[in-house]
Amino acid sequence: MKVFFIGAGPGDPELITIKGKNILASSGYCIYTGSLINPEILTYCRNDTKKYDSSSMSLGEILSVMEEANVQNEDVARVHTGDPSIYGAIQEQMTELDKRGIPYEIVPGVSSFLAAAAALKQELTLPGVSQTVVITRIEGRTPVPAAESLENLAKTKATLCIFLSIKQINKIVEILKSEYGNTCPAAIVYKASWKDEKVIISSLENIAEEAKRAQIVKTAMIVVGKVLCKDFEYSQLYDKQFTHEYRNKSS
Ligand code: SAH
């Protein structure tokens, strides 16, 4: 018996890993984040799998289901949206499983910031522009350490992928304008990889207005950075003059 923390991916049911899908197909129990995952993912479960939507459960209730599965010697597919390691609240589940001696494993998934980059047809790390991607959020009920405030992160001028913060888009724009500039491109991807995905590409000064017009208030990724200008140096990786382990000058 094992608890598998599985990344369901960003929405498109084909964006779960083969490993994740196989575990869903064999587990007797499935606990899923009903508020965010695509319910189509659940069709990969066994017909007799016991299914629980964790969005209405407490940590204690989730653990009780895992304990029951342990007694029954059945695997648990614990399905989280995107990748479980990003804002997944899995650490406390694992700590509690350790206390109970219940084994677990993590099966990674495609995070929504990667699905957003795909929707934008955008490389997030362009030579000469930015070689760093910052994954962050604005403070909500969960506090953000002062050292990681958006004001501080803005000083890096790196590519920003901002989760869980679309409702505070006005505040984000105000904070970022001084470092990134009014005309810096900014994008919002609503429900990346879902059938009703929406993509908005604009400038920092206009993005909040456009998000309002499109009535986007949840499940959205905010991407800000000069990489979206597509004005960059070509990578040295495929440059004829650039030799590396797999290609020397003579080849
Ligand atoms: N573990 C998840 C993130 C969970 S936090 C992951 O790796 O993607 C939930 C936040 O993720 C949402 O508020 C939103 O900012 C973002 N998100 C999740 N799915 C998304 C999607 N399909 N498109 C855009 N943003 C998404």
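Is tyrosine 52 buried, partly exposed or exposed? At 23% relative accessibility, tyrosine 52 counts as partly exposed. Buried here means under 20% relative accessible area, exposed means over 50%, and partly exposed is in between, using a 1.4 Å probe and protein chains only.

Hi everyone, a quick word on the model first. It is a predicted one, where local features need pLDDT of at least 70 and side-chain atom pairs count only at pLDDT 80 or more, while totals for chains, interfaces and linings use all residues. Residues are numbered from 1 along each chain as its sequence is written, and side-chain values use heavy atoms, with hydrogens and water left out.

Now to the rings. The whole structure holds 4 aromatic pairs. Rings of Phe, Tyr and Trp (its six-membered ring) pair if their centres lie within 6.5 Å; planes under 30 degrees apart are stacked, over 60 edge-to-face, and the rest tilted.

Strands (E, at least two residues) and helices (H or I, at least four) are DSSP runs, numbered from the N terminus. Phenylalanine 5 is buried, at 0%, whereas tyrosine 104 is partly exposed, at 26%.

Tyrosine 52 has a stacked partner, tyrosine 29: 6.4 Å centre to centre, 5° between the planes. Tyrosine 29 sits in strand E2 and tyrosine 52 in strand E3, so this pair ties together parts 23 residues apart in sequence. Tyrosine 29 is buried, at 1%.

Next, please find tyrosine 87 on the screen, in the loop between strand E4 and helix H3. Ring pairs link Tyr87 with Phe113 and Phe163 into a cluster. The charged end of arginine 137 also sits over the ring of tyrosine 87, 5.9 Å from its centre. For that label, NZ of Lys or CZ of Arg must be within 6 Å of the ring centre and within 35 degrees of the ring normal. Tyrosine 87 is partly exposed, at 40%, and has a positive phi near 50°.

Phe113 takes us to helix H4, residues 112-120, where the buried residues are Phe113, Ala115, Ala116, Ala117, Ala119 and Leu120. What covers them? Strands E6, E7, E8, E9 and E10 are included in that cover, judged by contact, meaning heavy atoms within 4.5 Å. After H4 comes lysine 121, with a positive phi near 50°.
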